[in-house]
Each structure stands twice: as structure tokens, then as C-alpha cells.
Amino acid sequence: MRVCSIRYVGKLPPRRALYTIVGFRQQRSAAARGARVDRAGAPHSSGFLKVIMSVTIKTPEEQGKMRVAGRLAADVLDMIGEFVRPGVATEELDRICHEYIVNELEAVPAPLNYRGFPKSICTSVNHVVCHGIPGQRTLKAGDIVNIDVTVIKDGFHGDTSRMFHVGQPSIIAERLSRVCFESMWLGIEAVRPGAQLGDIGHAIQTYVEKHRFSVVREYCGHGIGRVFHEDPQVLHYGKPSTGLELVPGMTITVEPMVNAGRRDVRLLGDGWTVVTKDHSLSAQWEHTVLVTATGREVLTLGAADREA
């Protein structure tokens with residue numbers, strides 16, 4: 001996932017892209033209200049910012065490499081499930097995943113040393129929304145934990161996460177995890193050529209809020225490929241028929257974060273771990289998705305789903 005933000009117009013990164021998108025987005029900051037930035041960075045007075053995105057479109061060969069990376073990421077989650085049990089430390093889960101990725105899959109764990117992140121996976125337990133750092137904390141019966149895995153194979157990223165129950169979860173924990181899972185799939189089902197990013201967010205948000213849960217706003221899905229976090233940002237809330245139009249060859253993640261209580265979150269002092277402000281439970285599911293000529297292809301299905 002990535003922190004949702006506005007990117008000001010500037011020099012494009014040195015990556016191949018089919019096209020760039022330049023538009024205007026309202027500036028929400030009170031300090032910057034009434035200013036707009038153009039391509040040269042000059043201020044204007046309309047209250048909007050010019051925004052630019054560089055969206056990569058994968059060739060058939062690149063799509064094939066994305067399929068491989070996605071399958072390997074799913075394999076890690078298939079493997080680790082049996083180790084998620086009471087008494088196991090999250091750093092032990094990280095060790096097992098790291099060794100499996102490096103030694104068995106001959107791939108690279110993308111989170112390790114990414115902008116200083118110290119581990120190979122993220123483990124987000126109970127009220128941790130995302131980016132939980134594996135450590136000495138041991139799992140106990142009734143916990144829920146999201147394990148987020150990204151692998152790099154032949155230069156391409158596969159990114160996926162799942163919720164795991166430690167023993168028997170509470171009724172609210174089970175319901176939260178299920179609603180989050182179902183909302184992710186509703187968002188994925190909105191992916192097709194000609195659809196817009198707002199369709200994905202709207203499908204997720206309306207379903208989640210119908211069940212009286214809340215969608216986290218500060219963190220979102222993203223484009224993915226040779227780069228871990230590419231454009232576009234994939235919000236998990238929004239209005240239908242708004243935002244960037246999807247075209248074949250795009251690869252994005254759909255990864256809603258859903259809270260049992262209020263949507264508000266805070267970042268802990270380690271600079272990574274995000275928790276719910278009200279200490280309510282949080283859940284997340286994630287898949288990497290390719291936009292195809294006729295719809296979509298989920299690249300990170302587990303073995304059981306691939307065989308179904």
C-alpha cells in the first residue's frame with residue numbers, strides 16, 4: 001500500500017509509460033488554500049493544484065513476469081498459514097517467510113530495507129491497521145493478524161496480503177475480516193477497461209459502511225510493476241464514474257483497510273506501524289490485479305483458488 005498524497009507537477013521519473021495524465025485536484029491544506037502549482041511550479045490563485053501521473057502499461061512479456069511474481073507471493077501466504085498459531089512470535093513468521101522467499105523461491109522480499117523497513121513481511125495484529133513490524137510479540141488465541149507479502153522476481157513485484165485467525169476469533173473479528181474480504185472482491189469486480197478508479201472505491205466503501213464498519217482513508221492501493229509503488233493511487237472510497245479510466249495492461253493493487261470502529265488512524269513512533277485511534281480491530285485483504293481486454297485477472301490467487 002502507499003500513503004495517499006498529492007504529487008505536484010515536476011520532472012517525470014525515468015520509467016517507460018504509455019501516457020501521462022495531467023489534471024487539477026483541489027488543495028485541502030488551509031496553508032496552501034488559494035494556490036495552484038503549474039508545470040514550472042509557479043503559484044496561481046484558483047485553489048487547485050495541477051497533478052501529474054505516470055502510469056505504466058505492461059507488455060505481454062511483462063504481464064507474464066507479473067503473473068510469476070504474483071503466484072510466488074501467494075505461495076508464501078499458502079506456506080505460512082500453518083505456522084500462525086498461539087505462542088508463535090511475529091518475528092518467527094518473518095524468519096520463515098524470508099527463508100522461503102530467498103531459498104525456495106529464489107526471489108527477493110521487497111519490504112526488507114525498503115525506505116528503512118527492517119523486516120521481510122508486515123504482520124499487523126488486531127488494532128494494527130498496516131505496516132506492523134515483526135518482533136517479539138507472540139500471538140495468542142483469538143488474535144487476528146494480517147500478513148502482507150511482496151516478492152520481487154525477475155525485476156517485477158507481486159503484492160498480496162491475507163487475514164489469519166489465531167484459534168477461534170471473536171464474532172466481531174470474524175465478521176470484520178469477512179466484510180473486508182468481500183469488499184475487496186467487490187472492488188476487484190469493478191476493474192475492467194473503461195471503468196474508473198472511483199468505481200472501485202465506491203464499491204468498497206458502500207459495502208463496508210452498509211455493515212457499519214469504516215474505511216481507512218490515509219492509505220490506499222497503488223500501481224505496481226518494476227516499481228513497488230507506482231501510479232495510480234487506488235482509493236478504497238469514492239464516487240462512481242470519477243477518476244482515472246482503466247485500460248488493458250495496467251496492474252494495480254486492491255487492498256482495503258477496514259476498521260470495526262472509527263476510520264481514524266495514527267502512526268506510531270517507529271515511523272511504520274499504523275493503528276486505529278480508538279483501538280478497535282482492523283482488517284485488510286489484498287490482491288494484485290491486471291486489467292485485461294475483457295475484464296481483469298487476479299495475479300495473486302492462492303493455490304486453492306487457482307485450482308478451483
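Two strands are taken to pair if DSSP finds at least two bridges between them. In this predicted model, S8 and S17 meet that criterion, pairing in the antiparallel sense over two bridges. Within this pairing, Cys-130 has Val-274 of S17 as its bridge partner. The two strands belong to an open sheet of three strands, ordered S8-S17-S16 and paired antiparallel. Strand S8 (128-130) and S16 form the edges; each has a single partner strand, so one side of each lacks a neighbour in the sheet. From one strand to the next, the twist averages 40°.

A further set of pairings involves strand S9 (residues 144-153). Nine of the 10 residues of S9 are buried, so the strand is largely enclosed by the rest of the structure. S9 pairs with S6 in the antiparallel sense over two bridges, and Val-108 stands opposite Ile-152 in S9. S7 also runs antiparallel to S9, to which it is joined by four bridges; here Cys-122 has Asp-148 of S9 as its bridge partner.

A search of the whole structure finds four aromatic pairs. One of them is formed by Phe-117 and Trp-272, which are arranged edge-to-face with 5.1 Å centre to centre and 85° between the planes. Phe-117 lies in the loop between strand S6 (108-109) and strand S7 (122-125), and Trp-272 in the loop between strand S16 (265-267) and strand S17 (274-276), so this pair ties together parts that are 155 residues apart in sequence. Both Phe-117 and Trp-272 are buried.

Phe-181 and Trp-185 form another edge-to-face pair, at 6.5 Å centre to centre and 70° between the planes. These residues are four apart in helix H3 (residues 171-189) and are therefore separated by about one helical turn. Phe-181 is partly exposed, with a relative accessible area of 33%, and Trp-185 is likewise partly exposed, at 24% relative accessibility. Together with Trp-285, Phe-181 and Trp-185 form one aromatic cluster.

A contact between a charged residue and a ring involves Arg-217, which lies over the face of Tyr-237 at 4.6 Å from the ring centre.

Methods:
Residues numbered from 1 in each chain as written. Predicted model: local features only at pLDDT ≥ 70, side-chain atom pairs only at ≥ 80, totals over all residues. Heavy atoms only, no water. Phe/Tyr/Trp six-rings, centres within 6.5 Å; stacked < 30°, edge-to-face > 60°. Buried < 20%, exposed > 50% of the residue type's maximum accessible area, 1.4 Å probe, protein only. Lys NZ or Arg CZ within 6 Å of the ring centre and 35° of its normal. Axes fitted to C-alpha atoms, helices over the stretch in contact; angles between N-to-C directions.
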